[in-house]
Structure formats: C-alpha cells, structure tokens
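Let's take a friendly walk around a protein structure, one question at a time. Have a look first, and then we'll chat.

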Amino acid sequence: MTAKSTEDKLKDLKSSPRSMTEALTRAEIQNISLSSRLSAYRKDSSDRRPEFAKAYDDLVERLNMIDQGRVGPGLGELMPEFNLPDENGRLISLSSLLALGPVVISINRGHWCPYCKLELRSLAAIHSEIARLGAGVISIMPDGAQFTGDYVAQNDLPFPVLSDIDLGYSLLLGLIFWVGPEIQRLYKEAGVELEKYHGNQGYFLPMAAKLIVGRDGRVKARQVNIEFRERMEPQALIATLRQLRIG
Amino acid sequence: MHQVRYFLAVARTLNFTRAAEECHVAQPSLTRAIKLLEGELGGDLFRRERPHAMLTPLGERMFPLLKQCYDSAQSARALAAMINDGEIGALKLAVSGSIELGLVLSHVNELRKSFSEIELKILRGTGPQLVEYLKSGDAELAVGTSIGETWDRLDSWKLFDESFDIVLSRSHRLGSQETIDLADLKLERFLLRNHCEKGGELAAMLRTQGLNADHRHEVSSDQDLMALLDANIGIGFLPRTVNTPQSLVRTSVKGLELERDICLYGVAGRQRTPVAATFVKMLRAANWQKSTS
C-alpha cells in the first residue's frame with residue numbers, strides 16, 4: 001500500500017467522518033492541544049449523532065446545578081486510600097504508589113468513552129516526562145479487567161488502569177452520578193453495555209477528574225470535569241508536577 | 001457520600017425526622033442534602049407526606065443501586081482504616097468440592113501481598129453445605145455454582161461460565177477414537193460426581209439421550225474420580241477448569257452438552273470485613289476469560 005499524500009489526507013479531513021474510530025483518528029492526526037482534539041471530536045460526534053450531543057448537554061446542565069468547586073476532594077485535603085485491582089489482577093494501593101512519588105490520579109468514565117480515550121492517550125504521550133519528574137500515573141474506572149486489559153494493550157497505556165467495582169471509591173470521593181433514562185436508552189442503542197462493563201445494573205458513572213496527590217498524601221491540584229467533554233490539559237499537569245518538585 | 005447516607009436512612013425509616021436523628025444531623029441539613037442528591041439524579045426521590053416520606057419510583061429504583069455503591073464505599077473507607085491500624089484480617093472462604101481451588105489461588109496470593117498477616121480458612125463442601133457455612137458465619141464468602149436460589153439472603157455474582165468435557169482413560173476402548181458419538185456410549189457405565197451441583201442435571205440428560213444413568217459409579221471427590229478414571233473404570237464428566245493428568249483423554253460428544261456458572265456468594269446485609277470486600281472486588285473485576293482459557 002502506498003502512503004497517502006498530504007493532499008489526500010487533507011481531503012479526508014474535510015469530508016465528514018463515518019465512524020467513531022475515524023473521528024477519533026482525525027482528532028489525533030491534528031498535532032494540537034488535548035482541548036482542541038477533544039473539541040474537534042465533540043464537533044464531529046455532534047454532527048454524526050446530534051441526539052447524543054443534546055442528551056449530553058442536558059446531563060451536564062443538570063449536573064452543573066451542583067456547586068462544581070465542592071465536588072470531589074478539595075485542595076490540601078488528604079486523598080482517601082484505595083486498594084484496587086488493575087487490568088492484570090494486581091492489587092494497587094495509593095500508599096504503595098505514594099511511597100515512590102507524587103501520583104496523578106485520573107478518574108475516567110470507562111474504556112468505551114472516546115473522550116477518556118483521547119485523554120488517556122495524551123497522558124500516555126507525556127508519561128516519560130511525568131516519570132522524569134518522579135511521579136506516577138494511574139487511571140481508575142468502573143469497568144472490569146475483561147475490558148480494561150485489551151484497552152491498555154490497544155492504546156499502549158504505560159500505566160495501570162484500576163477497576164473500581166460498584167464505584168465505591170468514586171462515591172467516597174463524591175464523584176458519581178446517574179446517567180438517567182435518556183442516556184441509558186442512547187447507550188443501549190449505541191451498544192455501550194454499561195451493565196456488562198460494571199457487573200451491575202446501576203447506570204452510574206464517575207465524573208471525569210484529575211487529582212494530583214503529593215507524597216504527603218494531600219491533593220496538590222485538581223480538576224473535576226462535570227462537562228466531561230473537556231479535560232485537564234497535559235501541560236497544566238506537568239507544570240503542577242514541576243512546582244511540586246521545586247516546592 | 002453523606003447525601004447517599006442520608007438518602008438510605010430516609011428510605012429505611014420513611015421519616016425525615018427519624019432519619020435526621022439516626023444520622024445525628026439537623027433536619028434542614030438532611031433535607032438540603034437530599035435536595036442536592038435529587039438534583040444530581042435528575043428527579044424527586046421521595047413524596048413528602050409529613051411526617052412520612054414515600055419513595056417515588058425513581059427512589060425505589062435508586063435504593064438498591066445506591067446501597068450497593070454505599071456499601072462499596074464503606075468498605076473502601078474501612079480498608080483505609082484497617083491498613084492504618086495494621087489490623088490482621090482473616091479470609092474465610094468456602095469453595096465447592098466441584099471447583100478447583102487453583103481457580104482462586106492467584107487472587108488469594110495477590111491479596112496476601114496487601115495483607116501479609118492474613119489468615120486463610122478454606123472450607124470445602126457441597127452446594128447446600130456452602131449455604132450452611134455462610135448462614136453460620138463459618139465462611140464469609142463462597143465460590144460455587146447454582147446455589148443462589150436456595151437462600152434469599154445471598155448476594156451472588158456470576159464470575160464466568162464453562163462447559164463440561166467427557167473424560168476417559170487413554171487405555172479405554174474409546175480412548176483412541178477420533179470422535180465419540182452417543183451410540184458409542186450405550187454400553188458404558190458413567191462415573192457421577194456426587195459433590196457436583198450439576199449432578200442431577202447430568203443424570204437427567206443421560207436419561208434423555210437414552211444412556212444408562214442408573215447403573216453407575218459414584219464418587220464424592222475429583223481426586224477419587226481421577227483415580228478411578230486412571231484405572232480405566234467408567235467414563236466421567238468434568239468442567240473445563242478442572243485439570244486432568246496426561247493419562248486421561250478429554251473430548252466432547254454431540255448431544256451431551258452441559259454448562260455451569262461459577263459464582264461468588266456472600267450474605268446480603270452482613271457487614272463484610274475489608275479483606276473479604278477487597279477479595280469480592282478482585283474476583284468480580286478479574287478477567288476470567290483470559291485466566292481460564
């Protein structure tokens with residue numbers, strides 16, 4: 001197969017995407033910030049599935065009634081301990097990670113969520129830089145290892161993905177919400193089988209969040225994205241870790 | 001987190017005043033928290049008919065789900081406290097005699113890395129015995145198959161399903177045959193596992209297929225089953241995850257298909273120790289497809 005000319009690629013980019021995979025790839029081809037990639041995907045997605053965009057907008061509006069600044073562990077608070085299995089069945093605790101250095105905790109919605117995928121891939125891309133700063137990365141999502149195992153492999157994630165079964169840890173952080181009947185219906189239609197991924201019939205999801213925990217176990221930086229189509233920019237995360245190193 | 005706690009208290013007492021007392025909180029703060037939760041969930045959870053409260057359909061739906069999340073969060077919190085205290089835990093686990101212990105050992109070993117002082121208590125038994133162990137508290141968790149219906153206080157989680165193979169000695173007259181069909185088995189005597197929850201179903205299936213289920217051998221452990229098969233006595237049925245030595249042949253026969261669900265059981269409403277709660281999460285999160293293939 002011959003490589004596509006730049007002109008062809010540009011032509012491809014101008015036509016509208018046919019699938020989620022294509023939209024994701026298109027979002028990633030463009031070598032730009034995570035937020036631009038997320039919004040590029042968001043636009044493609046809402047062109048393809050306007051009913052999803054509408055349901056998501058309604059959900060975010062509903063959740064925005066909550067005082068955003070107060071959701072999740074606050075700055076300077078002690079991050080609660082966890083001990084959760086990763087994609088290979090190994091138990092990983094927060095304290096064991098903190099013994100090695102600060103930890104970037106990414107609370108993610110699931111292996112099926114395109115926004116989380118873009119975000120985790122961008123975290124993977126800066127992982128070596130994070131490691132150089134002496135810190136570790138972990139993603140926590142409600143899906144079982146049957147789903148996270150392939151996910152880690154397919155996306156070349158250089159960090160573990162932990163399973164928060166029944167969302168116990170996410171609830172402890174105050175970060176869960178119910179998707180509601182409309183999105184439940186849309187997910188069923190789109191083949192997003194939360195019941196299977198979660199091993200329960202709850203249809204709860206965690207709010208997407210980033211928490212940077214210092215070696216003292218306290219939250220040094222945080223971003224809770226009630227609007228889950230937006231995420232913390234990797235560069236902001238690096239900046240915080242640099243600060244931690246100096247401080 | 002406290003919103004969910006308040007919700008569960010109101011759902012249990014169906015009375016805002018009593019719930020506030022139970023939670024040691026002023027009633028206005030409890031009401032405010034419930035309002036917040038209703039905002040998050042997108043609908044009313046209670047119909048207020050002072051002094052009583054009734055669950056709305058949304059509330060009814062949310063109750064078991066939030067209870068499950070809340071229990072899970074409670075155990076996450078208890079775990080943190082236990083690690084700080086350096087308290088020793090015990091894992092009291094009952095495993096059906098029809099299931100190889102090896103199935104859960106890698107998880108037990110992983111648990112031991114986190115809880116090095118953990119004491120193990122492994123109980124073996126038949127389906128009904130597992131239920132008795134759970135009832136009496138001798139076991140906190142059980143791994144078995146098809147016992148979920150026998151006691152309404154069981155929490156049960158399906159881990160995976162698997163099929164049964166026909167197993168016979170290499171020196172059996174059918175042992176070197178490429179394929180075996182039902183007609184080949186007419187004259188055979190079968191070995192039935194009394195310790196298997198699927199024993200009755202298997203015997204019924206043999207009868208339906210016109211095979212001899214009454215003139216049979218019986219064993220009550222897989223160790224004995226293998227010893228008999230090894231001595232070329234009878235033909236047995238074993239689930240995929242029960243390993244057999246090289247001297248035995250495993251095969252399948254069209255018309256004799258049997259499956260079982262391997263499930264994890266606990267007692268609903270009984271406070272689980274952090275060790276057991278962690279073990280439940282591990283087994284439920286595990287990639288069984290990968291580890292049993």
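Visitor: What should I know before we start?
Guide: Residues are numbered from 1 along each chain as its sequence is written, with chains lettered from A and ligands numbered from 1 in the order in which they are written. This is a predicted model, where local features need pLDDT of at least 70, side-chain atom pairs count only at pLDDT 80 or more, and totals for chains, interfaces and linings use all residues.

Visitor: Which element gives the largest share of the side of chain A that touches chain B?
Guide: Residues are in contact if their C-beta atoms, placed from the backbone, lie within 7 Å, and here chain A puts in 36 residues and chain B 35 residues. Several elements of chain A give two or more residues, including α4 (50–64) and α8 (145–154); helices are DSSP runs (H or I, at least four residues), numbered from the N terminus. The largest share, four residues, belongs to α9(A).

Visitor: How is chain B divided into domains?
Guide: The bounds come from an automatic or database domain assignment. Chain B splits into domain 1 (2–82), domain 2 (85–160 + 261–291) and domain 3 (170–252).

Visitor: How far apart do the C-alpha centres of domain 1 and domain 2 of chain B lie?
Guide: These two domains do touch: domain 1 of chain B brings five residues to the contact and domain 2 of chain B seven residues. Their C-alpha centres, though, are separated by 29 Å.

Visitor: Which residues does Phe279(B) touch?
Guide: Here we skip residues up to four places away in sequence. That leaves Leu91(B), His107(B), Leu111(B) and Leu141(B).
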